[in-house]
Amino acid sequence: MVVSGRSGNGGLTMASSAWKVTVTVIVFAVMAVGAVILVINLLGSPPTVNFTADNSGQVNVTLQAVGSYGSGDHPTWVSYLVKSSDGQWVHTTVFQVPQHVRINVTIYNYDSGSPLRNQQIGQVSGTNGNVALLNGKAFRVINSNNGNGVGHTFSIPSIGLNVPLYGNNGNANLCAAAPCTFSSPHQIEKFSFTSPGSGSYRWQCFVPCGLGYLFGNGGPMSTLGYMGGFMQVEA
Amino acid sequence: MAIDTSVSQFEFPGEEDTGTPQRSIPAWRRSGWLRPHILWAMAGAVVAYLIGHWLGNVIASGYTQVQGSGQNDVAIVLGLSFGVVGWMTGIGALNYPLAKILGYELSPAPPETSWVRYFRLTDDHKVVGWQYAVGVLLFLFTGGFLAMMIRTQLLSPTGHTFGPGTYIEIVSEHGTIMMMMASSAVIGPLGNWLIPLMIGSRRMAYPRVEAFSFWIFMSGYLVIVSALFFGGFPTGWTGYAPLQTQASGGMDAYLVGFFAIGIGMILAGFNLAATIINYRAPGMSWGRVPIFVWGVLATTALLTLATPTLLVACLAGILDRTAETAFFVNEHGGSSFLWQNLFWFFGHPEVYIMALPGFGIVMEILPVFTRKPLFAYKVAAAGMLGVALLSFFVWQHHIFQSGINPDMRPLFMLTTELISIPTGFLFLVTLGTLWKAKIRFDTPMLFCLGMLFNFLIGGVTGVFLSDVPVNVTVHGSFFVLAHFHYTIMGGLIFAMFAGFYYWFPKITGKTLNRKLSKWHFWTFFIFFNGTFFPLFLVGLLGQPRRVFMYAPNLQTLNDISSISAYCLGASFFFFIINFVWSIYLNPHPAPSNPWNSLGLEWQTPTPVPWFNFEHIPVILNDPYHYGEPDAAPVADLGLTLAAVGAPAGSVDHQDLGTGVEGDGDPRPPIL
Amino acid sequence: MSDPQTSGPAATPAGPETTTHGDETHHWWRLIAIWVVLCAIGDPLFYFLAGPHIPPGTMTNTAQGAQFDFNVLFVIALPVLLGVWIYMIYVFVMWRASRGGPEPVGGPDARGHLGIQVGWIVTTSVIVLFLAGFGTYELVQPGGAGGGEGSNPIWTPTSKTVLPIQVIGQQWKFTYRYPTFGGFETNELVIPDNTTIQFNVTSLDVIHSFWAYQLGVKADANPDYNNVAYTTPQQLGTFIVRCSELCGIWHGAMYNSGAVVTPQQFEAWAKLTAIRLRQNTKLLPAYALTYTPDANGADGGYYPDNVDKYSGVEQYGASQPKGGG
């Protein structure tokens, strides 16, 4: 029994040869296109927000943390957003700053808080003076067992930076759709540090705030653009 | 009385003429489009997935975890599982069992000779072998493409071609696809195609089971690739809990996919074992069984006995992720050690499932190109069985530093060291076969020799890993990665290509282009070593596995590896082009036995008829008697019925002659 | 099957058929000579030139033990590798088909040789059993060879004074607690020279692995489980700690550096850090070998909370409702 219905003698007519080449090329083209689509899909990542130094040679970075994003792929996820230089809130966690300059960071926390699984991250470290300002008042440690607890942190482990973000009262009418504005309950924290040499520095929130995921570290905690990202430092 | 040896005499079981007048075949069974085929399978999969997903939403939308995370694992698991069932229903795998359960006889389908039969459920083992070949290559190229992406990311110590989350998805997907492929890389295409031919049988013991195993293997491919659409999974192919329980939706695809693949592995192993034990032609005593068949037999023991553990582990993982059980969560009474032990109890025999067929191929092919008998055949067979047995006793060497009972560490170090003794028999046998031989360096031989070179390095580095103090440094680092790529890719995949090149003329009836073949081998060999040898050093110098960034001083080594990896990927084009050109675009017919092999499968005409052998052969000798001109031939292929009627295992030389007795039933005994 | 060498007229060509014993051994002597020479060059070259630089170095006794083990293994592996490679090259050169030469001879001599088979099995068994024994000795001697021994280690160091340091792995950094200095928890790992360190490794979430590269220590961090590893530094310097068990998205970024300092410097650092962190240390839970993060919030609400949503029964005694943070 012959394998296929080709004409018996192994010789090929011109027509069938062209047809075969065409089919082969089409199959390879389809696979190549599929591969390209796959790669492009995987390459997608959050945009980078660029910051440059102002007249006094300092860089001002503004972030906000929201309790649930409210729209897009994952409406129930917590997320950070970054304010670009023209005042727009961008859904990203990747931003770029120059090296060896003073970075003044302002974070608006719109989310509630809770006692920390590991209170060690309730301590401010790596900032100028090892302090941060909460609504204007300086502090070194937040006791997450008191008050509203700690909602998130802003931490860059490789330079020893860690700033806990005090939470809002969970009973209040918290903002549930990003970007949030001051009409919702919020806490304002400010701190400063000096940017290191050029490179790529990962930062993340260390509070397990991935609701519905075991240990709280899945979901937004495990996805770039929500609760962790990169501080790119350019030369 | 003349013996009627016309083909119409031969019938497959289930299609016996019961003596009643032939019923007309209903129209729906005549139509090629309406009978089950791959498009029906795809349709079935999609419809069933949607039903399952909907059901999952009905069940679980209100769960707290689902509402909080926005991710419904129940829907994904049910969707994918139903999808697998839908796929198998669409391909017609359930038709025969359902008919039998309901008391009907399935009327025979008209015999099919066109290319369409490659897209159906078929009980011709040669077609199943072809299907597996395509499936295995599909897995290989998908996984290989992902590997190119991995090496691209690792070109720069701190660059981010892919985000860290995406990178982990790619790494996990690559590893899982490759491991799924490798467990059937040789058993699937070559085991199916060759085993009945090598043992002188017309069929497998359970042809429908074999076909089922292939189609569920393909469903596993679709499921695991679908993981990328669910957000991938972050655990690597080892799937450690509790990270597994925390992961996003792609993890469900991993668990369901491995479950499906596992079922296929168990069924394939079961069928092959039954075939080898029961369907050997008369005269094929165990001392005459080809060494490849021994390798497959040893593998089947592992396939059937180790894989169920994986199924159990996957099931527990699915329950943890959907039903909020706590098998693997310490805080609620489970144990993170449980997954590790269950997985590796399967996982270690799994890597021998990959290694043993490779050994079998190399030992099978080597005598043909050395023109000498296989050296120490009994040691070879015993070695493979020994490896199979011992492989169940070494699994904790994967978790030496994890906090297992410290008493276990010297024990598993000992058993792991011991398993290298039977593994070393591969070298005893092959080196002995090379002694004072006449070595032809054709492409299949080159791949065998390449396999030996690579596996030596892989095996020796395995001994380093089994030493616990050294393991403290190298566990979880790129050293381990290089070790298993050397053994699995350098060992099994090289052997697989050796088998492909060697049996290509018999399977396809065409010849492969020699120049392209040699180019393929040399580029593959050189760039394989260029990719993975530096990784031993990278691992020793402190780079852990599965990291998206690494220490800057390791950039040079990583770059050498990445550039070689690109060239390695490109080398596959030699194979693809050769393959497509030689079969499809510009075929040249091949002689019936181009390598002058003594193997029984080469004594058939090319192309091999669907009934394999005109008459069931009587085996007179093993297929390795090169250089023994007075030895008996391997088999007597045209013989009397008395010998044919004899049960397998008996040697019935005395009845060779012209007498024709017996009831004229030419079919092999069906047990 | 009759023996082809004794049956019928000699069908095999003369010469190779009548292979003399001397002809065989001639090949063997050549092979052995080449092998011995290459091993005699290669092994000492490796052991003395590369050996002292083999990872993980000699910063601690466990690292030095691992380096020694590796060197011994390599010294044994190199002859094995060289043996096979020399044999294969020789065989390819001598007996390749293009060289011409006699047809190979089959028969029982080609199918097996009891001496070679037995010799091979015995040699490989001896090597392998020696390595197993040697490995066990090297595991026991330095107190577990720096690997994680679980909660009940059986190979403990002989030193009477042991400094316990707890390593806490969490997604995605390591922190270190010093129970003998008040239990402060810091991101920095500083250890004193010439002191036996007991690392108690645990995790707050998934499985991590504490790999202190130059210290030659690797122990998996499991949730709710204490994994103990020992080492004794013997050199000053810095070292890198990396997580070596895939733990999620930032696994590749989970590393920090550490330092081995003199005992005096260590005391000074520990006291200073204890004072600097005392405000937060008071708020930390009491030092324990494992920590079970309370379900409320810390497991992301994955498992249903057995306690009332607003209850105060939490690890850290709060009265806050479970929030989105």
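**Helix 11, chain B.** I compared the length of helix 11 (residues 250-278) of chain B with expectation: at 1.5 Å a residue its 29 residues should span 42 Å, and its end C-alpha atoms are 42 Å apart, which agrees. The expected span is 1.5 Å times one less than the number of residues; helices (H or I, at least four residues) and strands (E, at least two) are DSSP runs numbered from the N terminus. I then looked up burial: 22 of the 29 residues are buried, so helix 11 of chain B is largely enclosed by the rest of the structure. Buried means under 20% relative accessible area (1.4 Å probe, protein chains only).

**Basis.** I note that this is a predicted model, in which local features need pLDDT of at least 70 and side-chain atom pairs count only at pLDDT 80 or more, while totals for chains, interfaces and linings use all residues. Residues are numbered from 1 along each chain as its sequence is written, chains are lettered from A and ligands numbered from 1 in the order written, and side-chain values use heavy atoms, without hydrogens and water.

**Sheet, chain A.** I found 7 strands forming an open sheet in the order 4-3-2-6-11-7-8, with mixed pairing. Its edge strands are strand 4 (89-90) and strand 8 (137-139) of chain A, each pairing on one side only. Two strands pair if DSSP finds at least two bridges between them. I followed strand 6 (residues 102-109) of chain A, which pairs with strand 11 (residues 187-194) of chain A in the antiparallel sense over 8 bridges. Ile107(A) stands opposite Glu189(A) in strand 11 of chain A.

Technical notes: Buried < 20%, exposed > 50% of the residue type's maximum accessible area, 1.4 Å probe, protein only.
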